[in-house]
Amino acid sequence: MLADQYLATVNYGGGTLSYGEDASAMGPLQQVANQMQSLPSDLQQALNGPVSQLVARNGASFQSGTISGNAQLTITPDASGVARMTVSGLGYQVRSQYSGSKWGVIHYSCTNTLTLSNIVITAQYGTASGAMQDGKTGMTATTSSSTDCDSNLSWILPGVGDVLIGKAQDKINDLLLSNVQVQMAKAKDALLYGTDQNMLNGLSRLVPPGKVVALPGGGSFPLGQYLQNNLAYLLGNSQLSIQLGSPIALKKYIGLGRPPVSNVTADAVTIALSSPALSFSIKVSETVNLGWVCLPIHGNC
């Protein structure tokens, strides 16, 4: 039986190069894919901390906060040695419960759902050091709120949405932004900076030295070695577009008997790099092979 696989597909100059690794090896393709795909869940935790505090201060009980969507990251450097990082494509929904009494007579139990859609997060960092710039992280979103009560009493509830986001400029509170900045830095470092500064850490793992792309009509280009030899230039002059995919949902195949397909494939992350010197893209996909074990006690073998 084939092992689960991670496959990289590189496109450069009309040529294509593919190579893979077994998932059991926990190799560089899987490591980078996992680090990048953790961004939505990391952002969810970063948001839930300050949001739950805000909810509690407004007399409610925090029930859940959930990030949804597939994140799109864009990194664009400028001539001043600063890069702008943007995350979009995500939504965030908060559920809070309110219960109590008013004037000792009216009793209520209500659930409020606050939805932040079209979230756009921006941050800046220095391309020479990779250090995030404090005070340069921002977040905007389209907000909506609905309340479901056991009676028509939503008018007495505190406005959590108004506390979370100021009406004037849709400015998210400072504690939330500080937590979000930490997660933006983690995504940046997974792709660009490792423990050593000025190192295209993630890209070097995805396209290591020795990877050569065969070009149409003959010839080849040593892309892996080029990345290794031009790290500093690429850090300060490359625009990157990163599309995150969703992890494979294996739960829907459990308990169905013989799976309808023998394997499932999903794109984990797709990265496009563009600089004045060169442009290329790399897609990392995951393939999980599905097996079927029949237990005689079920009588379906």
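The exercises below, with worked solutions, concern a predicted model of a protein chain.

**Exercise 1.** Classify the aromatic pair Tyr-12 and Phe-221, and state which strands hold the two residues.

Solution. 
- A pair of aromatic rings is described by the distance of the centres and the angle of the planes.
- For Tyr-12 and Phe-221, the ring centres are 4.6 Å apart and the planes meet at 25 degrees.
- Planes under 30 degrees apart count as stacked, so the Tyr-12 and Phe-221 pair is stacked.
- Tyr-12 belongs to strand β1 (residues 5-12) and Phe-221 to strand β9 (residues 220-221), so the pair ties together parts that are 209 residues apart in sequence.

**Exercise 2.** Decide whether Phe-221 is buried or exposed.

Solution. 
- The relative accessible area of Phe-221 is 18%.
- Buried means under 20%, therefore Phe-221 is buried.
- Tyr-12 is buried as well.

**Exercise 3.** Classify the pair Phe-221 and Tyr-226, and name the cluster to which its residues belong.

Solution. 
- The centres of the Phe-221 and Tyr-226 rings are 5.6 Å apart, with 45 degrees between the planes.
- Tyr-12, Phe-221 and Tyr-226 make up one aromatic cluster.

**Exercise 4.** Describe the largest cavity and the residues that line it.

Solution. 
- The largest cavity holds about 50 Å³ of space.
- Twelve residues line this cavity, and the closest to its centre are Leu-192, Leu-234, Leu-235, Ser-238 and Leu-240.
- Strand β4 (72-77) and helix α7 (231-237) each contribute at least two lining residues.
- By class, the lining has eleven nonpolar residues, one polar and no charged.

Methods:
Residues are numbered from 1 along each chain as its sequence is written. This is a predicted model: local features need pLDDT of at least 70, side-chain atom pairs count only at pLDDT 80 or more; totals for chains, interfaces and linings use all residues. Side-chain values use heavy atoms; hydrogens and water are left out. On a 1 Å grid over the protein atoms alone, a cavity is a set of points where a 1.4 Å probe fits but cannot get out, and a pocket is an open set with protein on both sides within 12 Å along at least five of seven lines; lining residues have an atom within 4 Å of a point. Grid points are joined across faces, edges and corners, and a volume is the space filled by probe spheres set on the points. Helices (H or I, at least four residues) and strands (E, at least two) are DSSP runs, numbered from the N terminus. Ala, Val, Leu, Ile, Met, Phe, Trp, Tyr, Cys and Pro count as nonpolar, Asp, Glu, Lys and Arg as charged, and the others, Gly among them, as polar. Rings of Phe, Tyr and Trp (its six-membered ring) pair if their centres lie within 6.5 Å; planes under 30 degrees apart count as stacked, over 60 as edge-to-face and the rest as tilted. Buried means under 20% relative accessible area, exposed over 50%, partly exposed in between (1.4 Å probe, protein chains only).
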